[in-house]
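Reader: I would like a close look at one part of this model. Please take me through its pairing partners and its surroundings.

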Amino acid sequence: MPLSLLSPAKLNLFLHITGRRDDGYHELQTLFQLLDYGDTLHFAQRQDDQITLTPAITGVKYEDNLIIQAALALKKYILAHPDIVANANLSGVDISIDKKLPMGGGLGGGSSNAATTLVALNHLWGADLSSPTLCNIGLTLGADVPVFINGHSAWAEGIGEKLQNIELPEQWFIVIKPDCHVPTADIFSIEELTRDSLAITVAAFFEQGGKNDCENVVCQRYPEVKKAIKWLSNFSDAKLTGTGACVFAAFSEENKAKAVLKQAKSLAKDNSWQCFLAKGINQSPALSFFGDK
């Protein structure tokens, strides 16, 4: 039977860059909030060994798509372990995607898609790999992939792979995607980016909050982002998520969030905004489907 899974978005409730490693990766601290909103991926096994993806993502080659890279990375890992191959069913698979998350928005869409693919194919192929093993495979695809495999809102350190599950209060989030694409690699290469923020504790964050070290440099280069933050800040503390371009604000009451979303949508056409309302979740629906290993 075909398998369909939500590939959820994430928000970075804060993002402190505490250093830079010799390999070019940045040391950071962040708090990942999962959302009940995202892409939906559908998986159907084939009778041959082909891996297909539809529809094609505009501007992304088949071999560069993280969904395909995840499938091939998992297949390579399985084939390298004869004991796993003996019990697995490495069939081909047709993958289709209902795409909602914008590219270059800082919502983790590509990483979430890769993680969802690893989790789904681990099940369909009968590999029965543990979550830590899938996280190690996922980390080769991107620093944000493990949090989606882990499937919990989480405090993260290192390059984002050191995770501590966190139970966050129920909130609703308005997310605005301005009409721009912000490449992560470009932002992390900017010299004036703050890279020496002091490390904080979980308790300190909940007492004092935190900032996004990427926000100033993004706003300097993308005035559309600055404009969206300024407007949304009229209703709640608005922030950049990840390296952008999406901005968000949290609301404790759904009705208030809906009222602000209505105003945002009334301005969306003139500002070329994409807007949506999502509820924060502490656990990905995939964990309920497969069980937490």
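Author: Strand 2 and strand 4 (residues 93–98) pair in the antiparallel sense over six bridges. Strands here are DSSP runs (E, at least two residues), and helices are runs of H or I with at least four, numbered from the N terminus. Two strands count as paired if DSSP finds at least two bridges between them. Glutamine 45 has valine 93 of strand 4 as its bridge partner.

This is a predicted model: local features need pLDDT of at least 70, side-chain atom pairs count only at pLDDT 80 or more, and totals for chains, interfaces and linings use all residues. Residues are numbered from 1 along each chain as its sequence is written, and side-chain values use heavy atoms, leaving out hydrogens and water.

Strand 2 has other partners. Strand 1 (residues 3–20) pairs with strand 2 over 14 bridges, again antiparallel. There, leucine 15 stands opposite threonine 30. Five residues lie between the strands of this hairpin, and glycine 24 takes a positive phi near 95 degrees. Strand 5 runs antiparallel to strand 2, joined by three bridges. Leucine 31 faces tryptophan 155 of strand 5. Strand 10 (residues 274–281) is also antiparallel to strand 2, with two bridges. Leucine 35 pairs with glycine 280 there.

Strand 2 (residues 26–45) is largely enclosed by the rest of the structure, because 14 of its 20 residues are buried. Buried means under 20% relative accessible area, exposed over 50%, and partly exposed in between (1.4 Å probe, protein chains only).

Serine 153 sits in the loop between helix 5 (145–150) and strand 5 (154–157). Its contacts (heavy atoms within 4.5 Å) include Phe32, Gln33 and Leu34. Serine 153 is buried, at 0% relative accessible area.

How values were computed:
Lists of a residue's contacts leave out its neighbours within four places in sequence.
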